[in-house]
Amino acid sequence: MEGKKIKVIKLKSRENESLKITIFFVKWVFLGGLVGIFTGLVGAFFLKSLEYVTKVRINTWWILFLLPFGGAFVSWLYYKFGGKSSKGNNLIIEKLNDNEDEVPLRMAPLVLLGTIITHLFGGSAGREGTGVQIGASIAERIGKIFRLDKADSRIILMAGISGGFSSVFGTPIASTIFGMEVAALGSMNYVAILPCFVSSFIGNFVTQTFGVSHSHYSMGVVPKLTFLLLGKVLIIAILFGLTSKLFSMTTHGLKKLFTSRFKNSALKSFIGGLAVIFFTYIIGSREYLGLSLPMLSKAFTNVSSPLDFIIKLFLTSVTLGSGFQGGEVTPLFVIGATLGSFLSSILNAPVSFFAALGLIGVFTGATNTPIAAVFMGIEMFGSDGAIFILMICIISYLFSGHSGIYTSQLISTSKSSLINIDENSSINSRYTKK
């Protein structure tokens, strides 16, 4: 009898577990779906708006001269109404890492307007930051409406990140992982995998429903695996990691420089806008402004100039460092692809192959999300080059060191057993020490 009693208790335990998992499943399919729908709707509007203002900028030569005024206006809006929204993605990551600060709903319209103005007038920036902030602020609001507790609020916030990233880039698998991986180096929160996937899938589906198309690039024919090719990939992977570190350090360094020299945020962005105009005319080309998608496409078919990745890196760092709104990921794609394209001529390798690896490699090192980057590479370029994509992501991640574009990322695990890292320190704390 006693044995049967124990057996009955175990059966009830399994029944309770199944019931709880079912409740969890239904709950997060519903909430993740809501986040995905609203994020996808706003994301579609955002991407359509970017297409429109980019055409206006290209066809209106004088509009670049309004960049300082646009930047000053957006910085004033953030100063007057933004509160902690000005921290952008770092505020979201801090919330994921148990900070009590709220991710306000006003972050979405502010970053959307700010990014559109940046691109309309010619700032060199991306769109990932905008998508992530839109998704996170919407998710936070939905969480408050349904009165989610602290643990569930973190889960829905990760779903918002995934939905926002997916709606902007059209990579639902990578976006699912990105939402779980971005908060801390060396760890992922798997409890959020279901809502992150649902939000990511639906967010991308909704944007496509509204006719939004995402750029596609071809890796071309993947070369045969040889020891010589592995040596070449090893070399470029290290360079991609070091380049991503250079980008992060330059951007954070310019942010500190602009902030220390110009206490007024509107004046800071005004001066930054003047700097972009000045360097644009020194360079003699406007192809480095905005997203620079034509330059990105060209890197897959023609060998890029060695100046392309350097100029794009610098102008993006000036734009973001002086307080303009936008993301870093698309500029990272351009930097990586043009660098890879250039290196292909030196190492006698296919241009499209090295450009694709560069796109993924520099993104990996700067975001510290190697697993998401591997899936992104496979989604964008197919599985034929998966072994090379994995190799690039691992090595670039290591050689970027404990740097990154998101200074609030926690370093839960050191990238090397030879480097001692304070427990739960952040990337920002390492910059501060320096």
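What percentage of the 434 residues of the protein count as buried? The share is 57%. The model behind this value is predicted.

## The whole chain

The protein is built from 17 helices and two strands. Its C-alpha atoms fill a box of roughly 90 × 60 × 45 Å along the principal axes. The radius of gyration is 22 Å, and this agrees with the value near 22 Å that a compact globule of 434 residues would have.

Contacts reach across the sequence. Among those with a separation of 6 or more, 77% join residues 24 or more positions apart.

The accessible surface comes to about 19,000 Å². Carbon and sulfur atoms own 66% of that surface. As for charge, there are 37 positive and 21 negative side chains. The centres of these two sets lie 4 Å apart.

| Residue | Relative accessible area | Class |
|---|---|---|
| Thr367 | 0% | buried |
| Ser162 | 0% | buried |
| Gly123 | 0% | buried |
| Leu91 | 1% | buried |
| Ser292 | 3% | buried |
| Gly220 | 40% | partly exposed |
| Ser260 | 42% | partly exposed |
| Asn348 | 67% | exposed |

The classes follow from cut-offs: a residue is buried under 20% and exposed over 50%, so a value in between counts as partly exposed.

## Residues in helices

Start with Thr367. Helix 14 covers residues 351-367, and Thr367 belongs to it. Thr367 counts as buried because its relative accessibility is 0%. A polar atom of its side chain lies 2.7 Å from the backbone oxygen of Phe363. Leaving aside residues up to four places away in sequence, Thr367 touches Phe178, Ile405, Tyr406 and Gln409.

Now compare Ser260. This residue sits in helix 9, residues 227-261. Its side chain also has a polar atom by a backbone oxygen: that of Leu257, at 2.9 Å. Yet Ser260 is partly exposed, because its relative accessibility is 42%.

Ser162 is in helix 6, which covers residues 150-169. With 0% relative accessibility, Ser162 is buried. Which residues does Ser162 touch, not counting residues up to four places away in sequence? They are Ser175, Thr176, Gly179, Cys196 and Ser200.

Leu91 lies in helix 3, residues 89-96. Leu91 is buried, at 1%. Its contacts, again without residues up to four places away in sequence, include Lys84, Asp101, Glu102 and Met107. How far apart in space are the C-alpha atoms of Leu91 and Ser408? The distance is 7.8 Å, although 317 residues separate the pair in sequence.

## Residues in loops

Gly123 is in the loop between helix 4 (107-121) and helix 5 (128-145). At 0% relative accessibility, this glycine is buried. Beyond residues up to four places away in sequence, Gly123 touches Leu67, Thr118, Leu289, Gly290 and Thr319. Pro68 is 55 residues from Gly123 in sequence, and their C-alpha atoms are 9.5 Å apart.

Gly220 is in the loop between helix 8 (193-209) and helix 9. Gly220 is partly exposed, with 40% relative accessibility. Take Gly220 and Ala266, which are 46 residues apart along the chain. Their C-alpha atoms are separated by 46 Å.

Most residues other than glycine have a negative phi. Two loop residues have a positive one.

Ser292 has a phi near 60°. It is in the loop between helix 10 (265-283) and helix 11 (293-299). Ser292 is buried, because its relative accessible area is 3%.

Asn348 has a phi of about 55°. Where is Asn348 placed? It is in the loop between helix 13 (329-347) and helix 14. Asn348 is exposed, because its relative accessible area is 67%. So both residues are in loops, but Ser292 is buried and Asn348 is exposed.

Terms used. Residues numbered from 1 in each chain as written. Predicted model: local features only at pLDDT ≥ 70, side-chain atom pairs only at ≥ 80, totals over all residues. Heavy atoms only, no water. Helix = DSSP H or I, 4+ residues; strand = E, 2+ residues; numbered from the N terminus. Buried < 20%, exposed > 50% of the residue type's maximum accessible area, 1.4 Å probe, protein only. Polar contact = N/O pair within 3.5 Å; in protein donor to acceptor, adjacent residues only side chain to side chain. Contact = heavy atoms within 4.5 Å. Rg over C-alpha atoms; globule rule 2.2 N^0.38 Å. Areas by Shrake-Rupley, 256 points an atom, 1.4 Å probe, with all protein chains shown as cover. Lys, Arg positive; Asp, Glu negative; His and termini not counted. Charge placed at Lys NZ, Arg CZ, Asp CG, Glu CD.
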